[in-house]
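Visitor: I'd like to learn how to read a helix packed on a sheet. Could you walk me through one?

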Amino acid sequence: MSRDRDPRTLRRPARSALIATSATALSLTASGCVVVHGEREILPSTTRAEAAQALQEFTTAYNEADKAYDGTLDAGHTTGALADIDSARLKAGKANNPDGNPRHTPLKLTDAKFTIPKKAGWPRWFVADAAGNKGGTARWLLVFTRSSLDDPFQVAYLTLVAPDKVPQFKTDADGWAEPVPVNSTDLATAPGDLSRTYTTYLKDGGETFTDGPHTSQWRAVRQKNSKKPGMVTQYIDEPLTNGDYAPLALRTADGGALVFFTTRHFEKQTAYAGTSVPNPNKDVLALTKGEIKQSFTMEFVSNEVALDPKGQGKVTILGRIQGLTSAEGS
């Protein structure tokens, strides 16, 4: 056991943080040119036409990458948690299927609805809510973000939510949504604190979150798996809150917020002397470094979407997509 590596030593550097970039727009008036600073002016993050185009471009790139198992084909369209999850999936697929994905079925997103916040500063972002031909009846929620006018929109968050769980958003007379500051104090939990609050809950429990598959039920599964005959499983959970992993929140019609946030998770299996850790499947092995002898550590990145009520109350995790990003044996 003394030679076992701490799971936290497997951390990879986060992707480059979003760079706050100022932009200016020129507006001609009768008296001449007036400079409007994009970092201070409150404007819609994009147009609805541009949002639809960004969704189409993402879908096309995603399908090309999935068909070829080539992460370079959609790398320019993903960032943050989704980039970590997607690139690892494609890497494992390529290792086991060099000629491409034999089970490829193109993703089709229809009935798209766009919620575009009106805000100042960068990043600019919006949410696409669409029906997909995968994932049953669940709605696909994709958060597109960019850090300057020169950058393309990239998907940072992708979650699947039951249709009746997608909330109504607060909008102004022109249909633009309202972003919620990460340090907002009028919610049950500030959006900027949700990642850390969630990882603390997974370790210690508590009353912050409503019961469900991503909270109480997940904790129960972990507790059951922590001690099996011949093996001990340890869990470490970490918040991810900076740069490409920054939480994003929209005001809902009832005064609460829909919050997208990211977490990182480690699962370490250690076998007792005389026994061995179960062999992982080939996709996991494709992402594994080292030789699996007595212990095996997996690293996951997860992106969540939650309903954060106004005032007092419990936060509800509506959806969570998690992917293996690396592993190591020892």
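Visitor: In which sense do β7 and β8 pair, and over how many bridges?

Guide: Two strands pair if DSSP finds at least two bridges between them. Here β7 (139–146) and β8 (154–161) pair in the antiparallel sense over 7 bridges. Leu142 stands opposite Leu158 in β8. Bear in mind that this is a predicted model, where local features need pLDDT of at least 70, side-chain atom pairs count only at pLDDT 80 or more, and totals for chains, interfaces and linings use all residues. Residues are numbered from 1 along each chain as its sequence is written, and side-chain values use heavy atoms, with hydrogens and water left out.

Visitor: How are the helices and strands named, and how many does the chain have?

Guide: They're DSSP runs numbered from the N terminus: helices are H or I with at least four residues, strands are E with at least two. This chain has 5 helices and 15 strands.

Visitor: What is the strand order in the open sheet of 4 strands?

Guide: The order is β4-β6-β7-β8, with antiparallel pairing. β4 and β8 stand at the edges with a single partner strand each, so one side of each has no neighbour in the sheet. From one strand to the next, the twist averages 25°.

Visitor: Which residues of α1 are buried?

Guide: Buried means under 20% relative accessible area, exposed over 50%, partly exposed in between (1.4 Å probe, protein chains only). In α1 the buried residues include Ala51, Leu55, Phe58 and Tyr62. What covers the buried residues includes α2 (80–96) and β4 (109–115).

Visitor: How do the axes of α1 and α2 cross?

Guide: They come within 9 Å and cross at roughly 30°. Contact means heavy atoms within 4.5 Å, and the residues making it include Phe58 and Tyr62 of α1 and Leu82 and Leu90 of α2.

Technical notes
Axes are lines fitted to C-alpha atoms, for helices over the stretch in contact, and angles run from 0 to 180 degrees between N-to-C directions.
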